[in-house]
Amino acid sequence: MTGTISERSLGISEFDTLAALESESIHVFREVAGEFERPVILFSGGKDSTVLLHLALKAFWPAPLPFALLHVDTGHNLPEVLEFRDRIVEKYGLRLHVAKVEDYLADGRLTERPDGIRNPLQTVPLLDAITENRFDAVFGGGRRDEERSRAKERIFSLRNAFGQWDPKRQRPELWNLYNGRHAPGEHVRVFPLSNWTELDIWRYIAREDFDLASIYYTHERPVYQRDGMWMTPGVWGGPRDGEVLETRSVRYRTVGDGSSTGAILSDAGDNEAILAEVAASRLTERGATRGDDRVSEAAMEDRKREGYF
Amino acid sequence: MSDLLRLATAGSVDDGKSTLVGRLLYDTKSVLADQIDAVTRASVDKGLATPDLSLLVDGLRAEREQGITIDVAYRYFATPARSFVLADTPGHVQYTRNTVSGASTAQLVILLVDARKGVIEQTRRHAAVLALLGVPKLVLAVNKIDLVGQDEPTDEARTSAQAAVFTAISAEFNTLTTALGWTAEDVLEIPVSALHGDNVASRSTNTPYYDGPSLIEHLESVPVDADNTGAHSIGLRFPVQYVIRPRTAEYPDYRGYAGQIAAGSVSPGDEVVVLPSGIRTTVARIDTPDGELAVAQPGRSVTLILTDEVDISRGDVIASVADAPEPIDTFDATVCWLGDKPLRAGARLLLKHGTRTTQAIVGTLVERFDEQRLAAEPSPESLALNDIGLISIRVAEPIAADDYRVNRHTGSFLLIDPAGGNTLGAGLVGDVLSAVEVGAGV
């Protein structure tokens, strides 16, 4: 589909693939606003949830966002990400809920894993926050191109009262008609970015030109190498014997638990440079920098069944 | 030519669908190094001699354990000529409803058959479903052609055995698709070996009896209407999703109607009618956060500002005055039944059309379509899982619908279980299969 001359003359870009993806995502946000009582947007401060928020703001402009944000905090954050989160909340006058893994560790409802990775521990605080706040629709930034089990995900994905995903019982999803019916206690996970690829995300960020958390852009940082990834020391620990701390020019491709998310060596300092780098990459973003997805063949599916994002 | 092609794959169990999709991803270099490493590792673990490309797509534990595809997987790949969104759908009869999901938005479907088995019951079922959904283009991939004639004594004899099989399957498939309403230009048969890559990315020297394009060449060049929904041939259809009322200091009196244009185009000054109320008004402005538009096309999400203060809420349709559909509360529709329990006359359901969900009662079951014989069975007692039939429906609130053959978006609806909430049926307004040559004897 191409835009008409008159659309362009008003300074609007033509109706290309990115514009079509944007319209599809906005359609999904408005469907949820029309059919659910208490939706919430999962917001990690990462690029996908930043794009998600940007699209949500556009969907209801000029009205304020009719949803709150929910951050499931592992306690293993890079400070730049929390700073970014709070700045965004302030800028758009949003409501933010924070569910903290550390509260659960403190009173023994959860115990630290032997490997120290906290991404899998987010599930219980997430489900409790959904139940306590009676959220009935939960927006996530998941994309089908990220991982094999995510490729099977519907745009509207029903979760039972235990928050579980049953891939064999997914509803057929036809045309652009979404079925959000659910029983009390159940909720629906909604993925407006389902059809976006990583490259689409970066093209869109470059076109719309909005800021991400600063860790996405190149910066000097003391890092050490582990399992082929560049890790940052933090409350989760630091270099072990034989691992050398050195200052390198790095950036992050994803935001995650600091104990299992690595940086890559990069000089890309703006959206255009990152776009060029991503286009040339021979590794997926999860394979390159997410230790938690390397655990097993079905690591993501197992976490999703339990109620993970 | 469009830069984006939406396609789906369909076939029976063990036709090698996931292997073909894995091959498409691999040969278009859409698979990144760590994914190939993971597949190679898993293949070695399973004791396989060559990497099992189906592991690239079968994402669920149960799928890998059983070696089958259960649910639709969406895949994204690109060549310099085009980008592709591919819905890889399951072959097992039990999961035909997932095939319906994957094909509902497809512009082209690749149907697979095993060359040694040819056109089978499931091929006919899938072809009927695709005809029902109005999929414009078909490719029949005659897979595992390399396994035909393996007992023949010479290469020549093997090649001629393969040629005979390919010709026979193509002829049978053509008879079927012609009866279902496709023309010869809409359908292409290709002999392939997904495992070895013959005729997938490039033309194979192993199939001298075939002189057409490779699969990827065809996907790159097949002409498709960028919008195959019929959305350009009729006037404006704008289902209202949400009323935007900021009530802020900056926008105290703003009232906009948000939605995605389902058909036609709209410009400021256009006369429109609100359905089902029938109130007429005029479009004052087309708002987006990036500025006003002088015209907006199908697929675009926009906010309409009208000149008059009229009562409009979610579920209403704003349509062009020139060809606005008459709201209907009783109509005939073709359904593909997706529920485990059969549909019977008198069933009380919810119907979701556009942005409106209303109560519905099924009147009579007019006929069941026998997709194996291409025949109609009048007055069936029920429609079972995966059955296609013509039914009459009455709804509590009238809907502003078009015939499915005129426009996909305003001609389609879901039937929903009011108790459990599950999607039980895919509905198409009108007698969509009436063009089929009933009793064509195929």
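**Note on the predicted two-chain model**

1. In this predicted model, strand 5 (residues 137-143) and strand 6 of chain B are paired in the parallel sense, with five bridges between them. Within that pairing, B:Leu138 has B:Val187 of strand 6 as its bridge partner. Helix 5 (residues 121-133) of chain B packs on the sheet, where it touches strand 1 (4-11), strand 4 (108-114) and strand 5 of chain B. The direction of helix 5 makes about 170° with that of strand 4 of chain B.

2. The sheet as a whole is open and consists of six strands of chain B in the order 2-3-1-4-5-6, with mixed pairing. Strand 2 (73-78) and strand 6 (187-191) of chain B are its edge strands, each of them pairing on one side only. From one strand to the next, the twist averages 25°. Helix 6 (residues 155-179) of chain B lies across strand 4, strand 5 and strand 6 of chain B, and runs at about 160° to strand 6.

3. B:Ala171 belongs to helix 6 of chain B. This residue counts as exposed because it has 12 C-beta neighbours inside 10 Å, and a residue is classed as exposed at 12 or fewer. B:Ala171 and B:Asp151 are separated by 20 residues in sequence and by 24 Å in space, C-alpha to C-alpha.

4. The largest nonpolar core has 188 residues, among which A:Ile41 and B:Val109 touch the most other members. Leaving aside residues up to four places away in sequence, B:Val109 touches B:Leu7, B:Ala8, B:Ala10, B:Ala103, B:Leu130, B:Val135 and B:Leu138. B:Leu138 is the residue whose bridge partner in strand 6 of chain B is B:Val187.

5. Strand 10 (residues 271-275) of chain B is mostly covered, four of its five residues being buried. Strand 10 pairs with strand 11 (residues 279-287) of chain B in the antiparallel sense over four bridges, and B:Val272 stands opposite B:Thr281 there. Strand 10 is also joined by four bridges to strand 13 (residues 317-320) of chain B, again in an antiparallel arrangement; in this case B:Val273 faces B:Ala319.

6. The hairpin of strand 10 and strand 11 of chain B has three residues between the strands, and B:Gly278 takes a positive phi near 85° in it. B:Pro276 lies in the loop between these two strands, and the peptide bond from B:Leu275 to B:Pro276 is cis, with omega near 10°. Most peptide bonds are trans. A cis bond is also found from A:Trp61 to A:Pro62, with omega near 0°; A:Pro62 is placed in the loop between helix 3 and strand 2 (68-73) of chain A.

7. Two residues deserve a check of their backbone angles. Most residues other than glycine have a negative phi. A:Arg134, however, has a positive phi near 55° and lies in the loop between helix 6 (123-133) and strand 4 of chain A. B:Asn199, likewise not a glycine, has a positive phi of about 60° and is placed in the loop between strand 6 and helix 7 (215-221) of chain B. Are these residues buried or exposed? A:Arg134 counts as exposed, because it has 11 C-beta neighbours inside 10 Å, whereas B:Asn199 is buried, with 26 other C-beta atoms within 10 Å.

8. Chain A comprises ten helices and ten strands, and 53% of its 309 residues are buried. Helix 2 (residues 17-35) of chain A is largely enclosed by the rest of the structure, because 15 of its 19 residues are buried. Its end C-alpha atoms are 27 Å apart, in agreement with the 27 Å that 19 residues should span at 1.5 Å a residue.

9. Chain A is divided into domain 1 (5-200 + 299-306) and domain 2 (212-294). Their contact takes 23 residues from domain 1 and 24 residues from domain 2. On the domain 1 side, helix 3 (47-60), helix 4 (79-92), helix 7 (198-208) and helix 10 (299-306) of chain A each supply at least two residues. Helix 4 gives the most to that side, with three residues.

10. A:Arg144 is located in the loop between strand 4 (137-139) and strand 5 (156-159) of chain A. This residue counts as buried because it has 26 C-beta neighbours inside 10 Å. Apart from residues up to four places away in sequence, A:Arg144 touches A:Arg150, A:Ala151, A:Glu153, A:Ser194, A:Asn195 and B:Tyr74.

Notes: Residues numbered from 1 in each chain as written. Chains lettered and ligands numbered in written order. Predicted model: local features only at pLDDT ≥ 70, side-chain atom pairs only at ≥ 80, totals over all residues. Pairing = 2+ DSSP bridges. Axes fitted to C-alpha atoms, helices over the stretch in contact; angles between N-to-C directions. Contact = placed C-beta atoms within 7 Å. Expected span 1.5 Å × (residues − 1). Buried ≥ 20, exposed ≤ 12 C-beta atoms within 10 Å, placed from the backbone. Core = buried A, V, L, I, M, F, W, Y, C linked by C-beta atoms within 7 Å. Domains from an automatic or database assignment.
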